[in-house]
Each structure stands twice: as C-alpha cells, then as structure tokens.
Amino acid sequence: MGLLVLLGVVHRDPQGAIYLCKSLEKLRPQALGVELSPLGLLWREQMGPKLLGKLDSLLEEFPPAAKAHPEVRLMVQALGLPFEYLACRDYASSHGIPLHLTDLNWVSREELPGYEKEILTRENLALLLSREQADLGERILAAYARARRCLDSGGLLKEVGITPPWVYKRGLLREMFMACRIRNMAGRYRVLVHVGGWVHLVQDPRGLSLASLLKDLRPVRMLLRSPD
C-alpha cells in the first residue's frame, strides 16, 4: 500500500488554486482524486455560464458596489469550476498522471438544481447583500482555524458549530462511497493525493467520517493553508 494524503481545503477559497499548485509540486503525487462528481463537473461546464449571466442580470437591480460584496464573490465561485478541480486538472495534464473524480452523481443531481431555484433569486440576493461585509480573506482563515482546531486537538465538529454531514443518511452514504473509491485507488499508486473539503478529514468517534473509514490506511491528513 502506498502513501495516501488527504488534503483538506476550504471550498471557494479565492487563493486556493495558488496554494494547491504549490502543495502538489511538493507532494509529487502519482495520481490525484478530487471531491467532485462527473455530473457536477458537467453541470458547471454547461450551466455555469448561464447562471452567472442570470446573476449579473439580478445584480443590475442593486447598487454597483454589490458585485464586490463577499457573498456575491462566493456565489460566483460556487457557480464556476472549483479551484480544486482546475489546479488538479492542470497538474495532472502537465505531469501525465490520472485524475479521478470521487464524489457521487446522485448527490449532485439532488443538490445542484437548488442553485437556480433557491439561491439565484432576487429575495435571496437581497438577504445576502444585507449581511455585514466581513473581509473574505479573514473568513477563509477563520475557517482554516476551525479546521486546525478539529484536526490537531481531535475536537468534534459540533464544538466549532458544524453538524457532521454523516449524521444524515445521505451524508453517511456519501462518506462510505467516497472512502471506498479512495481505498481502491490507494492500492494502485505509490502516492495518491485526494483533495476535498476539510470536514471529511475529521476523525469521528463512531468511525463514520471519510478519514475514520480510511484510518487503517494511515492517511496523512493535511490542510491546504495555515490559519496563521
């Protein structure tokens, strides 16, 4: 069995691609995995431009400064191709190594329609723009600080105000399927790096999280960025 590295990120980090490219150059993987489904990739490629256009149309009803609001910037990130995929795709292409998408199509099929029906509405946009404009960089670092607390001290997600996704049936099935896919890949490569949300790296007391399900493989759990 080779080396398995679980690289945890904060999704939609505007600086994430820069840090991820540097991390991959240091780790030199033989294969990459990304927490993204084939359907999720296809949806963003096909629907992303359309929905970004709809967002621009909605923003015309608000002051020009609304486009720079942190919530809008995060929404733009959510509708485009994730930085995790873009950085891994470029690295895999330039180094001639495989790139595997490990998330589940049926999860994407259930969640993605909500972007247009629930998120991209004038009412939701007005609600988001009414929130305090906390510095986006500080928010990202605060998220990494919560991640570091959970990983270093063995703290539980609920201690930082996060409900573990695996307490729900769909979330648990997702952890189990992704763990199975990563396990199968780990046996085929000397160094496998899997990039995904940091929440999945937290050890669960009942052994239900992704990291817990892969514990016997002794994965190296790393965060993409330091909160410092």
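Q: What makes Asp103 count as buried?
A: This is a predicted model. Asp103 has 7% relative accessibility, and buried means under 20%, so Asp103 counts as buried. Asp103 lies in the loop between strand S3 (99–101) and H5.

Q: Which residues does Asp103 touch, leaving out those up to four places away in sequence?
A: Asp103 touches Val34, Glu35, Leu36, Ser37, Pro38, Arg174, Met178 and Arg181. Contact here means heavy atoms within 4.5 Å.

Q: Why is Arg12 called partly exposed?
A: Arg12 has 37% relative accessibility. The class partly exposed covers values between the 20% limit for buried and the 50% limit for exposed, so Arg12 counts as partly exposed. Arg12 sits in the loop between S1 and H1, and its phi is near 65°, a positive value in a residue other than glycine.

Q: Why is Arg28 called partly exposed?
A: The relative accessible area of Arg28 is 45%. Since exposed means over 50% and buried under 20%, Arg28 is partly exposed. Arg28 is found in the loop between H1 and S2. Arg28 is not a glycine, yet has a positive phi of about 50°. Most residues other than glycine have a negative phi.

Q: Why is the pair of Trp43 and Tyr115 called tilted?
A: The ring centres of Trp43 and Tyr115 are 5.5 Å apart, and rings pair if their centres lie within 6.5 Å. Their planes are at 35°; under 30 degrees would count as stacked and over 60 as edge-to-face, so the pair is tilted. By this rule the count comes to one aromatic pair.

Q: Which parts of the chain does the pair link?
A: The pair links distant parts: Trp43 is in helix H2 (residues 38–59) and Tyr115 in helix H6, 72 residues apart. Trp43 and Tyr115 are both buried.

Q: Which residues of the largest nonpolar core touch the most other members?
A: Of the 54 residues in this core, they are Leu20, Leu32, Leu192, Val193, Trp198 and Leu214. The elements that give two or more residues include strand S1 (3–9), helix H1 (16–27) and helix H9 (169–186). H8 gives the most, with seven residues. A second, separate core of 17 residues includes Phe62, Ala78, Tyr115 and Leu128. Leu214 touches Leu4, Leu6, Ala179, Ile182, Arg183 and Pro219, not counting residues up to four places away in sequence.

Q: What makes a space a cavity and not a pocket?
A: In a cavity a 1.4 Å probe fits but cannot get out, whereas a pocket is an open set of points. A search of the whole structure finds one cavity of 30 Å³ or more, and the largest cavity has a volume of about 50 Å³. Its lining includes Leu6, Glu35, Met178 and His194. S4 gives the most to this lining, with four residues.

Q: How much space lies in the largest pocket, and which residues are closest to its centre?
A: About 1500 Å³ of space lies in the largest pocket. Of the 39 lining residues, the closest to its centre are His11, Arg12, Glu35, Glu111 and Tyr115. By class, the lining of the largest pocket has 21 nonpolar, eight polar and 10 charged residues.

Terms used: Residues numbered from 1 in each chain as written. Predicted model: local features only at pLDDT ≥ 70, side-chain atom pairs only at ≥ 80, totals over all residues. Heavy atoms only, no water. 1 Å grid on protein atoms, 1.4 Å probe; cavity = no way out; pocket = protein on both sides within 12 Å on 5 of 7 lines; lining within 4 Å. Points joined across faces, edges and corners; volume = space filled by probe spheres on them. Nonpolar A, V, L, I, M, F, W, Y, C, P; charged D, E, K, R; others polar. Core = buried A, V, L, I, M, F, W, Y, C linked by side-chain atoms within 4.5 Å. Buried < 20%, exposed > 50% of the residue type's maximum accessible area, 1.4 Å probe, protein only. Phe/Tyr/Trp six-rings, centres within 6.5 Å; stacked < 30°, edge-to-face > 60°.
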